[in-house]
Amino acid sequence: MIYAEIFVVLVAIYLGLRSGGLGIGLYGGLGLAILTLGFGLPMGSIPVDVMLIIMTVVIAAAVLQAVGGMDLLVRYAEVLMRKNPKYINFIAPMITWLMTIMAGTGFIVFSTLPVIAEVAKESGIRPSRALAGAVVSSQLAIAGSPLSAAMAAMIAVMENNSVTFFQVIAVCLPASFIASMVAAFVASKQGCELQDDEIYLERLKAGLVSSSQSSNTQFVESKGAKLSIGIFLAATVLVVLFAAVPGLKPVYESGKSMSTRDIIIVMMLASSCLMMLAGKIKPDAIVSSSIFRSGMTSIAVIIGIVTLGMTFVDAHLAEIKGSIGDILTEYPMLLSVVLFFTCALLYSQGSTSALIIPLAVSLGIPNWAILASFIAITGIFILPTYPTSLAAMELDTTGSTRAGQYVIDHPFMLPALIGVLVGLAFGFAWAPMIMP
């Protein structure tokens, strides 16, 4: 019977990935119905805390976009890159890492990719180097952002396992940054120089390479955009302060203090309202933003796929512990392998975290090892089909950002792998010091 249940889970994931977007969650729901109503398995635990955090963070990021704050951030990034074009291979990844840390989603870099590609091309620098570093850094940042869906799942589980918010961030944030900068360095060494690239020369000869797109068009700053950025940054800082310093949290009569989940929810909703008032926008503008749509889609994916996975895991936890529990406890670094390939399968860092982190805790893997392994939740680069990867390849008119003959030999693969490996090395050396 267990093999039939595994078959249902895998088929649901496969069909969901083929459908894409919201379809992943819907096929997960169909598989869930088969497991519960057909095979009689008890309903698995639904990651409600994770979904509440994601929902409120997405709303805040969507308001920032609707007010014009995102466009202004991109403008600042463009100015910085154009002032220092020689260092774009490192400036661009730093910018995308920081923007993702702030917003909690790697999709925020979509608007910066055209600028990165154009500045690199204008400067005679191979665009694939800057683009690969920027795309990989944006996804490695997910493992360090206090507002990401993946981190929301981590915090919700680990705080119930006697791990503080400060300990989580103290390990995951620096591991994320180090991995990103190593990835940027590796990306900066890939491929020949632009002027020696045969495909670029062929495209240039054929007139397929677009001319410089830098123009004199004046950037129009939306009303309230600058203030909205300040509000969003202040809310993010306050979330970190309240969550990291126990003495700042409100304490109730029962003796319990406000949870990190509730702090994030309150701060994000309050800042969203203030940003909306600062920009004088209507709520409909928020709902129609691209960040809101993609964020709410991710919640549907988590409801379907993660609950499907948890239903299977909860029903067979004893067998799972018996088969791999001792191995993972004895060799905790293997958790990083599980995280990496589960993410590659589910194509979602948030869903992977919500599924695997509770399982790791149930199997008795040490807390420090879970935090140290978290940077491996970046297995979406095995194939160059992730949205930000596809966008980078499409926007590079020089043709330097391209998949190789064997599909997996693309410019994102090596930077991501080496970045993750170095991040793991740092994490396994650093985490035991933070959590002795």
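Mentor: Glutamate 78 counts as buried, since its relative accessibility is 19% and buried means under 20% relative accessible area, exposed over 50%, and partly exposed in between (1.4 Å probe, protein chains only). This is a predicted model, in which local features need pLDDT of at least 70 and side-chain atom pairs count only at pLDDT 80 or more, while totals for chains, interfaces and linings use all residues. Residues are numbered from 1 along each chain as its sequence is written, and side-chain values use heavy atoms, with hydrogens and water left out.

Trainee: What makes the meeting of the side chains of arginine 82 and glutamate 78 a salt bridge?

Mentor: A salt bridge needs a side-chain nitrogen of Lys or Arg within 4 Å of a carboxyl oxygen of Asp or Glu, and the N to O value for arginine 82 and glutamate 78 is 3.0 Å, so the pair is a salt bridge.

Trainee: How do you know that glutamate 122 and arginine 82 meet in a salt bridge?

Mentor: Their N to O value is 2.8 Å, which lies within 4 Å. Glutamate 122 lies in helix H6 (residues 113-122) and arginine 82 in helix H4, so the pair ties together parts 40 residues apart in sequence; helices here are DSSP runs (H or I, at least four residues), numbered from the N terminus.

Notes
Helices (H or I, at least four residues) and strands (E, at least two) are DSSP runs, numbered from the N terminus.
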